[in-house]
Number of protein chains: 2
Amino acid sequence: MSQKTPKSENITEVEHLVSHEQRFRIKGHKGGVFWLTGLSASGKSTLAMAIEKDLTRLGFHVYVLDGDNVRHGLNVDLGFSPEDRAENIRRVGEVAALMADAGLIVITAFISPYRQDRDTARKASHGKFHEIYLAADIETCKARDPKGLYKKACAGEIKDFTGIDAPYEAPDNPEVTLDTAKDNIEICVKQVVEYIQNVSGLNK
Amino acid sequence: MSQKTPKSENITEVEHLVSHEQRFRIKGHKGGVFWLTGLSASGKSTLAMAIEKDLTRLGFHVYVLDGDNVRHGLNVDLGFSPEDRAENIRRVGEVAALMADAGLIVITAFISPYRQDRDTARKASHGKFHEIYLAADIETCKARDPKGLYKKACAGEIKDFTGIDAPYEAPDNPEVTLDTAKDNIEICVKQVVEYIQNVSGLNK
């Protein structure tokens, strides 16, 4: 899946005997990765779970990979240094790619502040990647602060916090931009659900 | 998902708004992890791909995670030392658990020689894990040697090769045991497909 050379030698990739078309037919739609990116408190998890609910009701096969959930399991060994963030996003990009290959609509909810890390995730998905930018400004996010994290970060109690003492690199050319500072959750969910319906139909 | 304490602090698990029952209904079956374990050349990948093909034809939503494929992507950074093998299996166990949580039938094809590593994968899946032991003996596997790996390992050209200079710990109490030395592929596929049908029905 990746461009890197595996550390392990003497390995041979094995072909699936199920075609992508068979997976499409059984699910009624194409698989894909819909990658939400934005500051903490921009609404990623809330939006992701609401999109999953709506798409499931519409008959799509959907799964949300959420930053905090993944850090309790697959990425339990990673923190928030730039290196750990890069590895966090690299792994999630690969897992999302596998799930999309299985035919699922994968919604990911990760701050994913570095452009290069998101580009790595895009490459892993081989043309099935869609970047969705939650463009809420830092002042709005700080004012919301539902978990009190900005307050802690400003007080120096959390280090490497995106937007405070760690950078956020906004997407240059996202497939979808949501104004989650201005538009309410229903409007944003509708915008993404319609986008996914449009790009994931069998004849697209 | 895991029992370990996350390295990262200030993270909060987020609940999906889609229930397991909804996922069952939309797919027509329960998700689960069906973990093939056995020596190199015991038939794991061949069997896994054949099971995926048969179950897909029967309308199941299935995906194979194969050792060699995963080492080209998610686990591109890992080799075959005991530590790397443990991390390989830990990550795959977590990914399989996520996919089963999404409602998929996940077939994994990994040597996974250490009992403890397989038990870690079992725990990650929270009751959805089924161990399937491909009980082909080492002599049969050495005689098959489709990729010439045993020959290389015996000549000392590959280090840490399971069954030669690295151990294989057979399962104590697998849910299914296949005699892949004696039974042909069709018989073994049928045995696993029937098992999966039995345990993954909606009313089980």
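The model is predicted: local features need pLDDT of at least 70, side-chain atom pairs count only at pLDDT 80 or more, and totals for chains, interfaces and linings use all residues. Residues are numbered from 1 along each chain as its sequence is written, and chains are lettered from A in the order in which they are written.

**Both chains.** Select chain A and chain B.

**The contact.** Next, select the contact residues (C-beta atoms, placed from the backbone, within 7 Å): 49 from chain A and 49 from chain B. On chain A, α2 (44-57) is among the elements that give two or more residues; α2(A) gives the largest share, six residues. Helices here are DSSP runs of H or I with at least four residues, and strands are runs of E with at least two, numbered from the N terminus.

**The sheet.** Now select the strands of chain A in the order β2-β3-β1-β4-β5, an open sheet with parallel pairing (two strands pair if DSSP finds at least two bridges between them). β2 and β5 (176-178) of chain A stand at the edges, each with a single partner strand, so one side of each has no neighbour in the sheet.

**One pair.** Finally, select β2(A) and β3 (residues 105-109) of chain A, which pair in the parallel sense over five bridges. Y63(A) has V106(A) as its bridge partner in β3(A).

How values were computed: Contact = placed C-beta atoms within 7 Å.
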